[in-house]
Amino acid sequence: MKKVLFASLMLISLVAFGQKPNVVILATGGTIAGKSDAATSTKYTAGQLPIEDLLTAVPGVEDFANVKGEQVVNIGSQAMNNDVWLTVAKRCNELLSKGDVDGIVITHGTDTKEATAYFLNLTVKSSKPIVFVSAMRNSTSISADGPKNLFDGIITAASPDSRDMGVLVISNDYIYNARDVTKSNTTNVATFVAPNWGPVGIAYNGKPYYYHTTLRKHTANSEFDVASLSELPKVDIVYGYSNMDASIIDNLVKKGSRGIVFAGVGNGNIYPEALEALQKARKKGVIVVRTSRTGSGRTTLDAEVNDAELEFVVADDLNAQKARVLLMLSLTKTQNWTEIQKFFFTY
Ligand code: SIN
C-alpha cells in the first residue's frame, strides 16, 4: 500500500512538473558491447563498444528518461573480479543517495551477470531500481538482442513500480530478481531463467509489469556493507563428481580459502574422500557450504550429510555461484557457522 502510494505520488509529481526520471547507465562490457567482423559470424570479441555507441541503438528512449552513461570497465564478464564488484557497488550507493538519480542500469556480460547482480542485491543501500542488462548476440550480429534489452532496462529503471524490488535482471522481455536468476543456455537468447521460482515480471511496450516479488532480504534491508572494504574474503567453489580427487580441497585451504562452496551431487551429497577433506578444512576454521550441481531445488539440512555434527552450512536454494557471493559477504561479518547458516535462510 505504502509502495503504491509512493509510486503514484512520484509519477504525479514527475508528470505535473513535466520531468522525466533520471537514469544512469554503468557500463561494464560483455557481448552487448561486443563486435564481430561479419553479421552472421558467431566469432566476436566482447566489451568493444563504449556506452555512447550502445545508446545510439535505442532511439526513442529519451521519451521515457534522461539517460547518462558512465563506463566503469569494458570487459567480458568471464574477467569480472572483486575490485569491479566493489567499485560498482560503491558507485551505485553514491549515485542513488543523490536526489536527482532515480534508477541505475548496469550493462554486463551474461556469463557472470547473476553473481554481480546478487552481490549488488546484498550491498546497495537503496530502494531505487537497479537493473542489469546484457545480450547474447553481439552488437553487429543479425537480430542483436542488446538494444531491446537495454531499452527494457532503462524503462524498468525509470519506473517507480520497480522500487523495493531488489536488484533486477532483464533479458528477452522477462524481469527476474537477482537472487533467483541464472544463465541456463550457452548461446540461446532465452538463456536466463529462475529455475525455482520464475520471473517476477515482464517488460512490455515501454512499461514493466510485476506479478510477484521475493521475501528474502535485500538492498535497503541488507546488513552487508562494503563502504569500508577494499577486499573480500577468499571463497572457492568445488564441483563434486564420482571418484573425485579431493586434493583440490586441501590445496585451496593451503592457499588461504576461508570458505568452500561444495556443489555436490543430488541434495548436495559428497564423495567420501572429498567429505574427509572438507571435514579437515572445517577443523581448520574454513566454512563449508553445501549446494547442488543439479541446477534447481533446495539443498536441505541433515538429509544424507550430518550437517549439525560436521558444522556444515546448506545453501538452501542458492546455486554455487550465488552461495559463493553470500558466503564472501557473510565472512565479512562473522566466522560463526550457525550465524552464517542463518544468513543463508534470510538472504
Ligand atoms: C560475457 O559474459 O561477457 C560474454 C558473454 C555474454 O555477454 O553474453
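I began with the lining of the largest cavity, and found Ser126, Ser127, Lys128, Pro129, Ile130, Ser162, Asp164, Met165, Gly166 and Thr219. By cavity I mean a set of points on a 1 Å grid over the protein atoms alone where a 1.4 Å probe fits but cannot get out; lining residues have an atom within 4 Å of a point. The model is predicted, so I note that local features need pLDDT of at least 70 and side-chain atom pairs pLDDT 80 or more, while totals for chains, interfaces and linings use all residues. Residues are numbered from 1 along each chain as its sequence is written, and side-chain values use heavy atoms, with hydrogens and water left out.

By class I get three nonpolar, five polar and two charged residues in that cavity lining. Here Ala, Val, Leu, Ile, Met, Phe, Trp, Tyr, Cys and Pro count as nonpolar, Asp, Glu, Lys and Arg as charged, and the others, Gly among them, as polar. The space inside is about 40 Å³, taken as what is filled by probe spheres set on grid points joined across faces, edges and corners. I found one cavity of 30 Å³ or more in the structure.

Next I turned to pockets, meaning open sets with protein on both sides within 12 Å along at least five of seven lines. The largest pocket has a volume of about 400 Å³. Of its 23 lining residues, Thr31, Thr42, Tyr44, Met136 and Arg137 are the closest to the centre. I sorted the lining of the largest pocket into six nonpolar, 14 polar and three charged residues.

Then I looked up Ser330, which sits in helix H9 (residues 320-331); helices are DSSP runs of H or I with at least four residues, strands are E runs of at least two, and both are numbered from the N terminus. Is Ser330 buried or exposed? Ser330 is buried, at a relative accessible area of 0%, where buried is under 20%, exposed over 50% and partly exposed in between, with a 1.4 Å probe and protein chains only. Leaving out residues up to four places away in sequence, I see Ser330 touching Phe224, Ile340, Phe343 and Phe344 (heavy atoms within 4.5 Å).

Last, I checked helix H4 (residues 113-123): eleven of its eleven residues are buried, so H4 is largely enclosed by the rest of the structure. Among them I noted Lys113, Glu114 and Asn121.
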